[in-house]
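Me: Please walk me through this model. Start with confidence, then turn to local detail.

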Amino acid sequence: MSATTSGAVLNVGAREVTRADVEDFLYREAQLLDEWRLDEWFTMFEPDGRMEVPTTDWAGWDATTAGFFVCDDYDLIRARVKRLKSRKAHAENPHSRTHRMVSNVILLEAGAETVWISANFLIHRYRDGGAYPYVGRYEHVLKVDDDGLRFRVRRSIPVMESMDPGARLSFIL
Amino acid sequence: MKEGGGVMTQQTPVRPLGGADGGALIDEDWEAMRFRVHRSAYRDPGVFRDEIAKIWGHTWLYLGHETEIPNAGDFKTRTLGGRPLIFCRDSAGEVKVFLNACTHRGTILCRHNEGNTKFFQCFYHAWAFSNSGDLAALPGDESYPDDPGFRESMRLRQVPRLQIHEGFVFVAFDPDVPDLLTHLGPAAHYMSLTAKIGAHGMQTLPGVQLYSVKGNWKLAVENAMDGYHFAPTHNTFVGYLRETGFAVTDDDQYAYDLGGGHGLLVLTGHNGRIGMVWEPRFGDEEKARTVAKRNEMIARLGPELAAEIADASRILFVFPNLLLFDLEALTIRQLEPVAADRTDVRAWQFVETGEPESVRALRIKTMVSFVGPGGLATPDDIEAYEAVQRGIVATADSADPAHDWSDMSRGMANEKQGNQGRSIDEGAMRSFWRHWADRVGAATAVAGDPPADPGAPGPSAVLAAGSAATSDAAAPTSGKE
């Protein structure tokens, strides 16, 4: 782990990552997802990036020891994007309206080429007359390179006790 | 709906049909080849109350799997038919199921979802019970009768019946239900097939999918027994499989009425099976392992049983609340009705004990890519339940009584001829609904002559293989009453 100058900056190799860098990355992602610009969103992953949504009883298990809501490798993320763009993704045709708030961004730790971050999210989803709040936190491992940040592991951890009636995960949490 | 309308087997039409006025909820016509269910069966709070009272109150219910509580003192809490329960293993290692309510004033005794404990202590007045149900601490007991009978009367209440088949724990709130194996009938054999996959047994994993749908519980049963929906509803998933090199087909796949409301789909063309039937998305390492795994199964079980277990996928419905998905990998799904228009769903990954980490990872990734509220397929099923629940309001009450029915006629002519129903017909749904009507006392109108032979209670290969079904069903059940 590299030296930390403050909670707002981490050194990853020769590069400096600030909290503002991470916030910009997360805000851009929130915008792309709320606007259903899924092809652009997919470019935010590095090749071999992963995406996980643990279940609500999650106690730190990895995807070799427990069930998950979502446990996508890169190919499955691509398949998910393709599906969600299809008119035949019935659960998202018409699309849900989503509205994402991201806050409490913390730079947790730096690796040789990655930064580990956490943030809180509140996503409101609306469809068919129903309103569904999804509350949780992100714990991401972001690859740092000259182009900026990319997802190596994108993990959305719900804090709800279960998915409420109608609150499926047919969209990107 | 009226109580005790025991007319379901009547051969002449019962009128009036439908509605809350005691009319038939099932309309079966073997001349017109029509089977339909009155939509109030999904909507009416009175029907829902009857289901909880007459089905959930008087039938074996799937509670959980023994491997959820592997160690002495382990417990889980969950509701069944709305009743809060403690599912635990006592200090002697015995599986116990208690009503989760303090015997003193009825307070929820254990407010945790899971854990390990020797004692359950009520926070309200500090009464404490051992994990075998004894009243272990009674604060200020000098003010209670000096009589061991008093403490005995305040033991935790156990569910009246508890039996375990292949690690699947069932309970009943009615002490007079028949033996579990009698209830399961041929379904016991199919549970045994799944239980035999692992050389070192099978187990549930943590990471339980808990979600809730805005739909009647019977829509989830229908959906699981309905191969007809697969191609249109799961168009995007079928497309994904095609891109990975697997072509889905519905040809030569069948549905079975196992009696007692239980149903079975046997599927050979929807997916591969990890460790048993390879498909390209499983990768090359798994291809070699599949060969080795089949050899292991043949050595352990013989070629016929190994083939029966491995060659086909199965979706088993055990009336009223258990769905066992033995597909690419395995998921146990439990349905918990909450209201006429709301169902809580719980789903566990079910895996081979002791399998390599890489296989476990493949299994979890593959299974949750299909099933569950975050999969690439189940959300479209949920959309279907919820869209039906919203749509059936259209014909409700006096608006359009003649059309307030849902049709499940597909394949009746085939059934009439005595042919085995295809997975893409609706025969497994019809047999479910007939049993349902019998259990809740809903009237059924039957016109014309139903087929004489109700069909095979499972794939004919099983029956031809001889005694496998009965010997399996009898042996592995440990009766723990």
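Predicted model: local features only at pLDDT ≥ 70, side-chain atom pairs only at ≥ 80, totals over all residues.

Me: Which conventions apply?

Reply: Residues are numbered from 1 along each chain as written, chains are lettered from A and ligands numbered from 1 in written order. Local features need pLDDT of at least 70, side-chain atom pairs count only at pLDDT 80 or more, totals for chains, interfaces and linings use all residues, and side-chain values use heavy atoms, leaving out hydrogens and water.

Me: What ipTM does the model score?

Reply: Two scores are given for the model. The pTM is 0.93, and the ipTM is 0.95.

Me: How many residues of strand β11 of chain B are buried?

Reply: Strands are DSSP runs (E, at least two residues), numbered from the N terminus. Buried means under 20% relative accessible area (1.4 Å probe, protein chains only). B:R161, B:Q163 and B:H165 are buried on one side, B:L162 and B:I164 on the other. In β11(B), residues 161–165, the buried count is five of five.

Me: Which residue is the bridge partner of B:I164 in β12(B)?

Reply: β11(B) pairs with β12(B), residues 168–172, in the antiparallel sense over five bridges. Pairing requires at least two DSSP bridges between the strands. The partner of B:I164 is B:V169.

Me: Which residue in the hairpin of β11(B) and β12(B) takes a positive phi?

Reply: Two residues lie between the strands. The positive phi, near 55°, belongs to B:E166.

Note on methods:
Buried < 20%, exposed > 50% of the residue type's maximum accessible area, 1.4 Å probe, protein only. Helix = DSSP H or I, 4+ residues; strand = E, 2+ residues; numbered from the N terminus.
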